[in-house]
Amino acid sequence: MTDEKFEVVPIAHVVGGRREPTDDQWGDTETIIRIDDPRFSEDSVKGLDQFSHVEVVFRFHLTDQSDLHLGARSARDNPEWPEVGIFGHRNMRRVNWLGVSRARLLRIDGLDLHVAELDAVDGTPVFDIKPWFAEFGPRGDVEQAPWSTEMLKNYF
């Protein structure tokens, strides 16, 4: 099963906003997700303006691919936080270099989605865009490690 492969091509790119990834202060970031795949017309975003948020799947295209550590390490290399495995992190060091982010949808202009709080940088290839449905949010009590709350206190 591990030899299964499939090709994924971008349907859009991030335009504007930050040029380099940083750890914090994404709350003030506004950017555009420009749908630039010629298969899509303005019909492809019809009705999307009824949603406050979109979920975006993208590629961490600026990450040093030699910086992949499959074992456990401390987030942001902070020795005060516990070591956790690759699947206990949400950082850009992913096996397939994929990111998933929720962004506030500010407005739509043609095939340009104006968004806020998308933690992707200028030029980022986007593979999918979905409206955020509240029903797909967590059900039941939500728990997370205390170090993650501390780490993300200035993220947005």
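Guide: The largest cavity holds about 50 Å³ of space (a cavity being a set of points on a 1 Å grid over the protein atoms alone where a 1.4 Å probe fits but cannot get out; its volume is the space filled by probe spheres set on points joined across faces, edges and corners). The model is predicted, so local features need pLDDT of at least 70 and side-chain atom pairs pLDDT 80 or more, while totals for chains, interfaces and linings use all residues. Residues are numbered from 1 along each chain as its sequence is written, and side-chain values use heavy atoms, leaving out hydrogens and water.

A search of the whole structure finds 1 cavity of 30 Å³ or more. Its lining (residues with an atom within 4 Å of a point) consists of His69, Gly71, Arg73, Gly85, Ile86, His89, Asn91 and Arg93. By class, 5 of the lining residues are polar, 2 charged and 1 nonpolar; Gly counts as polar, Arg as charged and Ile as nonpolar.

Turning to the rings, the whole structure has 4 aromatic pairs (centres within 6.5 Å; planes under 30 degrees apart are stacked, over 60 edge-to-face, the rest tilted). Phe58 and Phe60 pair edge-to-face, at 5.2 Å centre to centre and 80° between the planes. Phe58 is buried at 3% relative accessible area, and Phe60 is buried at 16% (buried is under 20%, exposed over 50%, partly exposed in between, with a 1.4 Å probe and protein chains only). Phe133 and Phe136 are stacked, because their centres are 5.8 Å apart and their planes at 25°. Here Phe133 is partly exposed at 34%, whereas Phe136 is exposed at 60%. Together with Phe51, Phe133 and Phe136 form one aromatic cluster.

How values were computed:
1 Å grid on protein atoms, 1.4 Å probe; cavity = no way out; pocket = protein on both sides within 12 Å on 5 of 7 lines; lining within 4 Å. Phe/Tyr/Trp six-rings, centres within 6.5 Å; stacked < 30°, edge-to-face > 60°.
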